[in-house]
Amino acid sequence: MVRRPVAWVAAIVLFVEAVGIALLNWFLGVVVDRQDMSLAGLDSDTMSVSSKVGGLVFGLYFALCGVAALLVAVRNRAPGVFGRVLLISAAVVHGLLGAFTVGLAGWGAFAFMMVVLGLIVFTLLAFGPATGPAGAAPEDGDGGADGANGGTGGAPVAAPPAPSAS
């Protein structure tokens, strides 16, 4: 099946992206530090340190998302609640980054972000919990004797009427 290799690829891409984001922000911090310029009265040292710290935090976030995808690939089962939240947040971040990068870095960067977004979403959907159709009755079939939780109190559910051709 194709779902495990996709989870492996998603994990690897997230790890590479974590290192890339951290290095990019570190480089930008060094550039700001060497220019020794002010932006709207801000100290260049403050901007440099902020860029470096932000890059490290963002890199650690992507690395943690990569660990969640790696655990999905190794275990061959859906992530836990924390892992699912991490991967969903990473998908949202990649969607937003894709929207920003199309204007700043071009269509190639946008395509990369959308590929990573697709890998993450595929990993989430392929390893998602197996659910039946919406409104399906629980395993015992009645959904509660009093009709609570969508149950019918034991009464059979009638099929909806067929549409008429007239």
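Biologist: Which residues in H1 meet H4?

Modeller: This is a predicted model, in which local features need pLDDT of at least 70, side-chain atom pairs count only at pLDDT 80 or more, and totals for chains, interfaces and linings use all residues. Residues are numbered from 1 along each chain as its sequence is written, and side-chain values use heavy atoms, with hydrogens and water left out. Helices are DSSP runs (H or I, at least four residues) numbered from the N terminus, and contact means heavy atoms within 4.5 Å. On the H4 side the partners include Phe 112, Val 116 and Ile 120, and the residues in H1 that meet H4 are Arg 3, Val 6, Ala 7, Val 9, Ala 10, Val 13, Leu 14 and Glu 17.

Biologist: How many residues of the contact of H1 with H4 are nonpolar?

Modeller: Ala, Val, Leu, Ile, Met, Phe, Trp, Tyr, Cys and Pro count as nonpolar, Asp, Glu, Lys and Arg as charged, and the others, Gly among them, as polar. In the contact of H1 with H4, two residues are charged, one is polar, and the nonpolar ones number 13.

Biologist: Why is H1 oblique to H4?

Modeller: Angles under 35 degrees count as roughly parallel, over 145 as roughly antiparallel, 65 to 115 as roughly perpendicular and the rest as oblique. H1 (residues 3–35) and H4 (residues 107–126) pack with their axes 9 Å apart, at an angle of about 135 degrees, which makes H1 oblique to H4. Axes are lines fitted to C-alpha atoms, for helices over the stretch in contact, and angles run from 0 to 180 degrees between N-to-C directions, and the angle here is about 135 degrees.

Biologist: At what angle do H2 and H3 pack?

Modeller: H2 spans residues 44–75 and H3 residues 81–104, and their axes lie 9 Å apart. The two helices are oblique to each other, packing at an angle of about 125 degrees.
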